[in-house]
Amino acid sequence: MVEMLGVLAIIGVLSVGGITGYSKAMAKFKLNRALDQLSILIINIRSAFTGSQSFTGLSNQTAISMTVVPSDMLPDGLGNSNGVIAHALAGTVNIGNTNGGLHFTIRFDGLSSEACTSLASSNFTDESLESMQINDATAHQQVDLPLSAIEAVAECNKPNQTNEILWEYY
């Protein structure tokens, strides 16, 4: 009986460790997938507007109709998503334009503090990135990116609330 309890205790400890490792691996996978989705959106938007002088008219609906949005970001796959775009971290995506159509924006909503911190401090910049804004705070210019982990935690630490990050590209 004592041996059986010992075996059950060992199995319990190993199970907790396995579940913890699995959840960390899944969180990392989702973060990497969200970064991939952001990259794909940027490339596809640029390709779709190659011959144009501006991004005027760019929105979720036009991005979907132009097939710039990968099907895994549409709740109904390639079906009618009614303009809803979702990212891998279980939030929504909003695509638009600013500065008279000269720039386009991609906003990830519904981010947890951990996901927001990871995205904000990821070394994910390209030369066309103009700025990144977290939770309607002051925009960080491209030369200041990526944020340090301390800066990202300070801006993304909104307990019991979701966060948003807005990237602006030219």
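Let's start with two strands: E1 (residues 85-86) and E2 (residues 92-98) run antiparallel and are joined by 2 bridges. This is a predicted model, where local features need pLDDT of at least 70, side-chain atom pairs count only at pLDDT 80 or more, and totals for chains, interfaces and linings use all residues. Residues are numbered from 1 along each chain as its sequence is written, and side-chain values use heavy atoms, with hydrogens and water left out.

**Strands and hairpins**
- Strands here are DSSP runs of E with at least two residues, helices are runs of H or I with at least four, and both are numbered from the N terminus; two strands pair if DSSP finds at least two bridges between them.
- Ala86 sits opposite Thr92 in E2.
- The hairpin of E1 and E2 has 5 residues between the strands, and Ala90 there takes a positive phi near 70 degrees.
- E2 also runs antiparallel to E3 (residues 103-111), with 6 bridges joining them, and Thr98 stands opposite His103.

**The start of the chain**
- Met1 comes in the segment before helix H1 (2-48).
- With a relative accessible area of 78%, Met1 is exposed (exposed is over 50%, buried under 20%, partly exposed in between, using a 1.4 Å probe and protein chains only).
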